[in-house]
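Subject: Structure for your files

Hello,

Here is the structure we spoke of, with its sequence.

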Amino acid sequence: AGLVAETTCSYFESVSFPETVEIGIVVETLGRSSVTYAIGVFRMGDSGKEGPALAQGRFTHVYVNRATQRPVPIPDAIRARMEEIRRLG
């Protein structure tokens with residue numbers, strides 16, 4: 001199970017219903033049992049290319065054994081998907 005161990009978010013501009021937003025996500029760091037994602041929230045169509053992020057943040061998942069709550073390696077299939085969106089460099 002992936003448990004949220006830490007989360008942060010900085011808001012720069014308001015968004016209100018029914019406005020549509022796009023979310024960008026990358027794997028920032030990938031460890032043996034944890035992963036940190038960086039996220040950005042953008043107005044629909046901006047995707048960070050033309051407009052500034054409305055909000056940005058990060059969150060960390062730690063993969064644990066459900067019964068013991070002790071860290072375990074990230075399952076191979078999940079790790080492979082994380083590698084696809086990993087920030088290189």
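The notes below go through a few residues in turn.

Please keep in mind that this is a predicted model.

Two residues around strand S3 come first. Ser33 sits in the loop that links strand S2 (21–30) to strand S3 (34–43). Its relative accessible area is 14%, and because buried means under 20%, Ser33 counts as buried. Leaving aside residues up to four places away in sequence, Ser33 has contacts with His61, Val62 and Tyr63, and also with Pro71, Val72, Pro73 and Ile74.

Thr36 lies in strand S3 itself. Thr36 is buried as well, at 11% relative accessibility. The side chain of Thr36 makes a polar contact of 2.9 Å with the side chain of Thr60. Thr60 is also among the residues that Thr36 touches, with those up to four places away in sequence left out; the others are Val26, Val27, Glu28, Thr29, Arg58 and Phe59.

Two points of backbone geometry are worth a look on your side. The peptide bond between Phe17 and Pro18 is cis, with omega at about 10°. Pro18 belongs to the loop between strand S1 (2–11) and S2.

The other point is Gln69, in the loop between strand S4 (55–63) and helix H1 (76–84). Gln69 is not a glycine, yet its phi is positive, near 65°. With a relative accessible area of 45%, Gln69 is partly exposed.

Regards

Key: Residues numbered from 1 in each chain as written. Predicted model: local features only at pLDDT ≥ 70, side-chain atom pairs only at ≥ 80, totals over all residues. Heavy atoms only, no water. Helix = DSSP H or I, 4+ residues; strand = E, 2+ residues; numbered from the N terminus. Buried < 20%, exposed > 50% of the residue type's maximum accessible area, 1.4 Å probe, protein only. Contact = heavy atoms within 4.5 Å. Polar contact = N/O pair within 3.5 Å; in protein donor to acceptor, adjacent residues only side chain to side chain.
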